[in-house]
Amino acid sequence: MKVENAKKFGMVIDLDKCTGCGTCMVACMAENNVPFREDDTDKLLSVAWMRVYRLSNGKAFPDTEECFFPRPCQHCEGSHGHSPCVSVCPATATDYDMETGIVSQIYTRCFGCRYCMAACPYHVRQFNWWDPVWPDGMEKSLNPNVSVRMRGVVEKCSFCIHRYQLAKEKAYMEGRRELEENEYQTACTQACPAGAITFGDLNNPNHAVHQIAQPDNRHGGRPKNPMAFRLLERLGVNTKVYYLSSREWVRRAGDNYIEKEGKVKHA
Amino acid sequence: MDSALIPKGVKRCPTWQFLLWIGAVSGVLLWGVLAMILVYFKGLNQTNMNNAYGFALWIWADLAIIALGGGAFFTGFLRYIVGKDELKNIVNFAVLVGFYCYVSALMILGFDIGQPLRGWFIFWHANVHSMLTEVAFCLTCYLGVLTIEYVPMILENRQIDKVPFFHNLSHNMHEIMAVFAATGAFLSFFHQGSLGGVPGVLFARPFGFREGVFVWPWTFFLFTWSAAACGPCFTILVTKVTEKMARKKLVKDNVIELLAKISGWMLATYITAKIIDTIYWAVVTAPSKGFTFMDFYSNNSGSWYGLWILIAEIGVCGIVPAAILITDKGRKTQATLWLAVILAVVGVCLNRWVMVLQVLAIPVLTFESWNLYFPSWQEVATTLLPVALGIISISISYRYLPIFPQELELNPPDSPVKEVAEAEPELQEEPPEAPMGEPEPAKA
């Protein structure tokens, strides 16, 4: 399906600026009513739409270098909207929106088969192994614009799509059809104290994300900016989260390379 | 006590012995029911699955059980479509085993979904691009077909058959059974294939992904092929186990050998295709995604997923049983026949394990490591629950239904059952209640 004037919301994360403070994770959890448990130490059982990885170049002191690597949902477009997770969901509980490029999740339709989790190589899709239990009084501070999820369904980063809906409603009330760049921003983007995250419409040449990443839509959205890269580009998943780094080893950490291509293993 | 229900002329063990056996298996069943209650009421946190291992023991069990149940569709296909008439003597049992395999698979799927009450969404909100949707539709339809194939067997029970309506219904259902066998074969080719498509379409998971034809990855065809090859081996294995437990011959050797021969050639051609697929994947597909062949078989603790698993699957459990079953001597020698069918069954189960669990175990992001998994007792118990149910149901079916058309011929009622007398002289078989009648004609 071809949509006229379709938007393609995406993100650029400058890894040289990220300090690993975790504010993006906290902001995301608060904004999206992400559940947590009293003991959330097992990260394979906990839910976090945004997760910050810690990478190392594997070299001994004094050549040791580290990089903090925030990982939201990559909102893969795949080929013609057939992102890895959307095409496998048997109940159409996840959808690729051709008008925004956002991969959504319909919690009340998901019946928890977890096929989408198996399909996603980024582990951005997480399962609610337990019903959410909020500390006393916290339920009053939940975001009313985001539904809480029950046990037994999959959830993931939505690029704060409820903010897009609110911004669209506001613009409509004001008689406008288009949004300004700053009218729709994700919680993590706004919370990042280092300004490492930029969000906007990759199809709009006036938006910062387009200018930084310089996506080449004739080649599946590959970045023309030599400092930019996408995670697991070689899989053909056609993601909408671009990363920036001036360091060669960090850029190479974004994908797999066989021996003759100089594969680098990271800790 | 229950001799009025036992088919005419055949001998069965005493009721107390039968109940003892059913009671022992029911112990496992109850253990499974306990785990099932925990899973349904407390949720999937009762398992050892996690966000990296969304698919685990249950999905493996589903795929493996359905592959093993493939004996039903392929034997039916050979009997009714290809016209291998000798197989009428084993097709009843193949259908019976297949039926309980599919019941087990659906039951396990019921545990496996996070919101069981929404299970019907797979039909209502069906996504036609998803292999699981195809699996759900074909599997459910095929279970319906297997039920239709199973019903005439139930109607042949001595007491039920006395009712003219049921007698005629059974007869008429037999008359049109070829139509259902053909439908079953058609559906099975698709759902066995779509189960292969489940890992094959995961284009962001380089271990599982395969190229293919149109929307079908090569695994689609390999899964159907392997189910057609190894399903009949499972039918033979369960027949042999039933014969051992009943301490008498139930199916003539020529029938077993024919099925074993066809299985052997199917296995030989399948394993050839599998080797070609593996080589192409290792040399072309995986490197195009940035992976070497050995990336998938190294650097995991304890070598859970070492090269040994590929050698075991293709070599030991593929080439060896195929080589045995395609030779006349291999099929005729009981020890090698047993070995071959066991290896083939293990091989197809190993293949399904690899295509489900190893796919998820391998890290795709360069900064992640292998994920290893061991099932919780609740997962094991709920997996054994339908197996126990299947054993009980097959035992009941064998006791009260004329499943094996050659049983009377092979075990005339007036001949002493020497093996039983020698092995357990204290166990006296109950005499048939009624005088022996004419043997029932073989019906499928």
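**Reading a two-chain model**

Modeller: Let's begin with the contact between the chains: 43 residues from chain A and 39 residues from chain B take part. Two residues are in contact if their C-beta atoms, placed from the backbone, lie within 7 Å. This is a predicted model, where local features need pLDDT of at least 70, side-chain atom pairs count only at pLDDT 80 or more, and totals for chains, interfaces and linings use all residues. Residues are numbered from 1 along each chain as its sequence is written, while chains are lettered from A and ligands numbered from 1 in the order in which they are written.

Colleague: Which elements supply at least two residues each of the side of chain A that touches chain B?

Modeller: Strand S2 (51–56), helix H2 (84–88), helix H3 (115–119) and strand S6 (126–127) of chain A. The largest share, four residues, comes from H3(A). Helices (H or I, at least four residues) and strands (E, at least two) are DSSP runs, numbered from the N terminus.

Colleague: How do the residues of that side of chain A divide?

Modeller: Into 28 nonpolar, nine polar and six charged. Ala, Val, Leu, Ile, Met, Phe, Trp, Tyr, Cys and Pro count as nonpolar, Asp, Glu, Lys and Arg as charged, and the others, Gly among them, as polar.

Colleague: How do I read a helix pair?

Modeller: Two packed helices are described by the angle between their axes and the distance between the axes. Take H10 (residues 253–288) and H11 (residues 308–325) of chain B: their axes come within 8 Å and cross at roughly 140°. Axes here are lines fitted to C-alpha atoms, for helices over the stretch in contact, with angles running from 0 to 180 degrees between N-to-C directions. That angle makes H10(B) oblique to H11(B); under 35 degrees counts as roughly parallel, over 145 as roughly antiparallel, 65 to 115 as roughly perpendicular and the rest as oblique.

Colleague: Which residues meet there?

Modeller: Among them are B:Gly264, B:Leu267 and B:Ile271 in H10(B), and B:Ile314, B:Gly318 and B:Ala322 in H11(B). The residues of this contact divide into ten nonpolar, three polar and two charged.

Colleague: Is A:Phe159 buried or exposed?

Modeller: A residue is buried if 20 or more other C-beta atoms lie within 10 Å of its own, exposed if 12 or fewer, and partly exposed in between. A:Phe159 has 28, so it is buried. A:Phe159 lies in the loop between strand S7 (154–155) and helix H4 (161–173) of chain A. Leaving aside neighbours within four places in sequence, A:Phe159 is in contact with A:Phe9, A:His75, A:Ile102 and A:Thr186.
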